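Reader: I would like to go through this model with you and ask what stands behind each label. Could you show it to me?

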Amino acid sequence: MTNIFTDFLSSLSLINLGLAFSGVVAGIIIGALPGLSATMAVAILVPFTFALEPSSGLIVLGAIYTGAIFGGSWSAILINTPGTPSAVATTFDGYPMAKKGDGDLAMSISCISSFIGGIVGVICLALFAPPLASISLKFGPTEYFWLAILGLTLISTLAEGDNIKSLIGACLGLLMSMIGVAVIGGDMRMTWNISFLNSGIEIVSAMIGLFCIPVILDLTSMKGKHLSENETPKSLRLKESFLIVFNKKFEALRGAFIGTFIGILPGAGGSIASIVSYGEAKRSSKNKDNFGKGEPEGLIASETANNATVGGGFIPTLCLGIPGTPPDAVILGALLVQGIRTGDTLFTQQSSIVYTFIFGLFLATIMMLPLGLLMGRYAYKSIIKVPREILIPIIIFLTIIGSYSIQNNILNVYFMFFFGLIGWILNRAGFKASPIVLGLVLGQIAEQGFVQAYIIGNAQENIFANYFARPISIVLVILILLGLFLPTLKKIYNRRKNA
Amino acid sequence: MLKSIKDKTSFISGVCLIILSILLFYEASTLSPFGSVFPFAITTALTILSVILIFRSFKLEIKVINENVSSIKISLLVVIFFAWIYFLERSGFILTSLIAFNLLILINSGIKIPLKKIAIYMVMGSLFILLLYFGFKNLLLVPLPEGLWFRS
């Protein structure tokens, strides 16, 4: 106990506080720029941490990661483009809120929700890391496959618009994810002898194009202001935001726990977590008809979940040496360089470093609240004041620089442009971008799980049982079926009841 | 038959998607068993969903609400956007961005906005580009293209 208290004091040193502060600010800015993901933010700054004490280096990386995941919500709310893939669900209600003139409220709610999610994730990491890590080992290939399909069916049934078209969009996303070398088998697929397709489609550049370009093209033709301004532009709307989140405290906590749990599962990450949390919020809400039209509850669900994956993701990273999310993989690399060996002995033999890091993460999440509220307010005020004539070239500029900087490769910019035009055409035909993007993001997890389960089932001479008879799989399949058919069954039931 | 279609967009989309599924299904048949199992599953799902979309298009129309577009503005924007990307590595990041950015301001401003205001937008935009260029290059260490003419 005394040791933990000493670790806590050590995390409060001036240098650690300064590092956490600058890490959060840098993370928020990088996360808010479309194309610059949390992984990239962490990866860029890893070399700088080698000169620091191991715990200080880890604190700055954790702070950047926390800030970047939250920062991704800014562009999702203000320009309908998720800064990171985990903010896809934030666009559903965040952007409609901004369009209605409640952008500042959305920014504040997103910050408070991210804070709650982050804190719950870190508390779970500090208190229950070893037992929770063992849960992730119960997830085999079949469970990962069904989890990815659950994410896709949920987004298809939850996103605004036509469900069939959303499911088709998810299939298109999955097909796009297959371009290039197959994850199992190594076949070259759907490249049609075009060499630059061999490495597959870069997810973030496709995401920027699919989300951003339709917005740009619609803004070009739009008359009037791009975002409405509320009547009290000088207010922070803090009280209102806190009150909304307080009234939805159970929903916020549920989102945080969903995020932590999904964060524990290696590879699943914030994108599935926020979609599952959003789905659960919509299913159980009294205002389900308002979801997708600017309902704060949807925003709370998405933002609590994606920030909770930060703490959740560190659980398998620290306890098992298996990164929960891509940024965790980079941080795991930094840990190894610093001479820290992950595993179940980490919490006993090198507890000082681990607990200083956890406290540092805790402090970074606390710092994110005032910083996010303050910076978010100015970001929103600046965006609504920027005239559309200059906003359009700025967004185009950000899409180009963002997609170029992913791999310093011009081909990613062409991909972004090409996918953007396709996205705009599909959007006008009623196919939304979010299921396509999620299909692209989850494609590899789904395929790997599907093929591995097929191979295992084949070896056991019972493919069906391997897909459908495992306990966790049964639960996931039931959830998928409910997600797909419950809305239709409810409609039929209501129609019969009224007749 | 065409007259009985209530939702032509869905019908056309469904037909195009079925053709795409057939092509991809055929492509998958040339792959190894492990490489083809997932494409087979997804193209089959896509075909089933497309057939449902086609059948539904005869029964009901699901309206898609879209903004009215200005085709001239959009065409110009797409051309400049593409040119911006095309010349990025050839003419360098700063030069290409400054030209394309200011051209886009001119297109979006139209004739209603006073010239003085447009000039202010252009100066502000150019400063923004330079600021971000140096930020990306020096802080984030992203080697943005210098262009053939400016290469040292």
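Author: Here is a conversation about the labels and the values behind them.

Author: A few conventions to begin with. This is a predicted model, where local features need pLDDT of at least 70, side-chain atom pairs count only at pLDDT 80 or more, and totals for chains, interfaces and linings use all residues. Residues are numbered from 1 along each chain as its sequence is written, while chains are lettered from A and ligands numbered from 1 in the order in which they are written.

Reader: What is the confidence in chain B and its elements?

Author: pLDDT is the predictor's confidence in each residue, from 0 to 100. Chain B has a mean of 85, with 92% of its residues at 70 or more.

Reader: What makes chain B more spread out than a compact globule?

Author: The radius of gyration is taken over C-alpha atoms, and the globule rule is 2.2 Å times the number of residues to the power 0.38. For the 152 residues of chain B the rule gives 15 Å; the radius of gyration is 24 Å, well over that, so chain B is more spread out than a compact globule. Its C-alpha trace spans about 55 × 45 × 25 Å along the principal axes. Chain B has 5 helices and 0 strands, where helices (H or I, at least four residues) and strands (E, at least two) are DSSP runs numbered from the N terminus.

Reader: Which domains does chain B have, and how far apart are their centres?

Author: Domain bounds come from an automatic or database domain assignment. For chain B, that assignment gives domain 1 (2-59) and domain 2 (71-139). Their C-alpha centres lie 40 Å apart.

Reader: Why is M190(A) called buried?

Author: A residue is buried if 20 or more other C-beta atoms lie within 10 Å of its own, exposed if 12 or fewer, and partly exposed in between, with C-beta atoms placed from the backbone. M190(A) has 21 such atoms, so it is buried. It lies in the loop between β2 (188-189) and α9 (203-221) of chain A, and its phi is positive, about 50°, although it is not a glycine.

Reader: Is W192(A) buried or exposed?

Author: W192(A) has 9 other C-beta atoms within 10 Å, so it is exposed. W192(A) is also in the loop between β2 and α9 of chain A, and it has a positive phi of about 45° without being a glycine.

Reader: What makes I12(B) partly exposed?

Author: I12(B) has 14 C-beta neighbours inside 10 Å, so it counts as partly exposed. This residue sits in helix α1 of chain B.

Reader: How many residues of chain B are in contact with chain A?

Author: Two residues are in contact if their C-beta atoms, placed from the backbone, lie within 7 Å. By that test, 55 residues of chain B are in contact with 44 residues of chain A. The largest share of the chain B side, 14 residues, comes from α2(B). By class, that side has 38 nonpolar, 12 polar and 5 charged residues. Here Ala, Val, Leu, Ile, Met, Phe, Trp, Tyr, Cys and Pro count as nonpolar, Asp, Glu, Lys and Arg as charged, and the others, Gly among them, as polar.

Reader: Which residues does C171(A) touch?

Author: Not counting residues up to four places away in sequence, C171(A) touches G439(A), I42(B), A45(B), L46(B) and L49(B).
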